[in-house]
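Try each one before you read its solution.

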Amino acid sequence: IYPIWKPKDITSSEVVRRIKKIYNLEKAGHCGTLDPFAEGVVIVLSNNKTKESEKYMNDIKVYETTIMLGLQTDTLDPTGQILKQKEIQFENIGKEEIEKKLKKFIGNIKQRPPCFSAKRVNGVRLYKLARKDVFVHLKPVDVHIEDIKLISHSKNEITIEVRCHKGVYIRQLGIDIANSLGTIGYLKSLTRKSIGKFTQDNSIIFETLIN
């Protein structure tokens, strides 16, 4: 079991390849994709431990994300092209109002997987189709969010902490929250702070892994 703290601008698959090469592993895989623009914990399982991936996938995950308001990109994150811009009527919305909106996303909710995601359709990951301008709009699915805490807010962005189970797309949650506040948005940043007991404190820093 290799808990890795993934930096920004590399893929989860690159993390697995590095681990396999360094430790000369025959078989390895990660327990849940973390987008290239994001940083945080990625669990890599090797050899016979790969059979236990579901166990780690089911662990509660904690994310911290900043949602940029008033703009929307095609990928719902900072790597995409700006598609929409909307004037923000946000000045008069205070902390209590924001927290009231956030509470609506706690518990069992319906969420539509974004077009840019690692979810497979007919064996092909959605983001590979989306990069070819083929956008598949899937039906909403049931997901569960344990808690959402407001960390900070300003005119143009809000930062939240999300505790959730597997299957939650934080990018989609970000745009849904922005919509509930009367505007549009995308994720400016995303950090997976923990998966179960694994955090930055007990993970291997990716940059310390030497080929």
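Keep in mind that this is a predicted model.

**Exercise 1.** Work out how strand 10 pairs with strand 7 and with strand 11.

*Solution.* 
Step 1: Start with strand 10, which covers residues 141-153, and look across to strand 7 at residues 107-111. The two run antiparallel and share five bridges. To get your bearings, pick Ile-109: its bridge partner in strand 10 is Val-143.

Step 2: Now go to strand 11, residues 157-164. Strand 10 pairs with strand 11 in the antiparallel sense too, through seven bridges.

**Exercise 2.** Asn-24 has a positive phi, and so does Leu-76. Where does each one sit, in which loop, and is each buried or exposed?

*Solution.* 
Step 1: Recall the background: most non-glycine residues have a negative phi.

Step 2: Take Asn-24, with phi at about 55 degrees. You'll find Asn-24 in the loop between helix 1 (12-23) and strand 2 (28-30). Its relative accessible area is 69%, and the cut-off for exposed is over 50%, so Asn-24 counts as exposed.

Step 3: Move on to Leu-76, where phi is near 65 degrees. Leu-76 belongs to the loop between strand 5 (71-73) and strand 6 (82-85). Its relative accessibility is 9%, and buried means under 20%, so Leu-76 is buried.

Key: Residues are numbered from 1 along each chain as its sequence is written. This is a predicted model: local features need pLDDT of at least 70, side-chain atom pairs count only at pLDDT 80 or more; totals for chains, interfaces and linings use all residues. Side-chain values use heavy atoms; hydrogens and water are left out. Two strands pair if DSSP finds at least two bridges between them. Helices (H or I, at least four residues) and strands (E, at least two) are DSSP runs, numbered from the N terminus. Buried means under 20% relative accessible area, exposed over 50%, partly exposed in between (1.4 Å probe, protein chains only).
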